[in-house]
Amino acid sequence: GNYTYRTRALRGADIRYDLRLRFIEAAFGKKTEITVERNVVCPVCEGSRCESGYQPESCDRCKGTGQESRTQGFFTFQKPCPKCHGAGQIISHPCLKCRGTGKIKIGKKVSIKIPAGVDTGSRLFLAGEGESGAYGGPAGDLYVFIHVEPHEFFVRDDTNVICRVPISFIQAALGDKIEVPTLTGEK
């Protein structure tokens with residue numbers, strides 16, 4: 001009937017997460033846990049958007065189609081119903097937990113393994129860790145964007161790591177022994 005377009009399985013939205021790493025963490029990689037805020041199906045109404053004992057009602061203005069038609073000459077124009085905003089349904093008794101949206105926002109811990117050598121602009125992909133799908137659809141994906149904080153001495157040049165150590169003009173002119181830091185902390 002009129003409800004088939006609303007009950008088709010819909011894939012969940014993808015989520016972007018921006019992760020800041022220290023230079024050393026990016027160089028050697030690490031395992032870490034992040035908390036991702038995402039929408040999940042409301043556990044109280046189980047996504048129905050209604051208080052217990054109630055169901056969505058068919059919109060009386062558009063007769064549940066979600067669309068309004070208007071004819072001008074030979075042309076028929078359709079636009080979303082202004083009463084139900086294209087949903088075809090009215091929620092007269094919204095769930096108090098999710099305020100009638102059918103979803104709530106929760107923080108979920110996700111373990112990620114950051115490979116050695118990532119740089120700013122690197123992107124990690126975790127399938128199925130995005131927003132939950134609707135009507136039985138699959139979850140979206142999680143994209144972790146890496147931002148590496150600059151280091152006091154080290155700088156990346158493609159796959160090379162360059163160490164910049166400040167020395168005085170006298171040290172440069174006369175020669176001097178200096179200790180140079182390494183990524184592992186050894187001199």
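A salt bridge is counted here where a side-chain nitrogen of Lys or Arg lies within 4 Å of a carboxyl oxygen of Asp or Glu, and by this rule there are nine salt bridges. The structure is a predicted model, in which local features need pLDDT of at least 70 and side-chain atom pairs count only at pLDDT 80 or more, while totals for chains, interfaces and linings use all residues. Residues are numbered from 1 along each chain as its sequence is written, and side-chain values use heavy atoms, with hydrogens and water left out.

**Around Glu25**
- Glu25 sits in helix H1, residues 23-28 (helices are DSSP runs of H or I with at least four residues, strands are runs of E with at least two, and both are numbered from the N terminus).
- Glu25 is buried at 13% relative accessible area, whereas its salt-bridge partner Arg22, at 3.5 Å from N to O, is exposed at 54% (buried means under 20%, exposed over 50% and partly exposed in between, with a 1.4 Å probe and protein chains only).

**Other salt bridges**
- Asp60 and Lys83 form a salt bridge with their closest N and O atoms 2.7 Å apart.
- Asp60 lies in the loop between strand S3 (57-58) and strand S4 (67-72) and Lys83 in the loop between strand S5 (75-80) and strand S6 (89-90), so this pair ties together parts 23 residues apart in sequence.
- Lys108 forms a salt bridge with Glu129, their closest N and O atoms being 2.9 Å apart, and the pair links strand S7 (residues 103-114) with the loop between S8 and S9.
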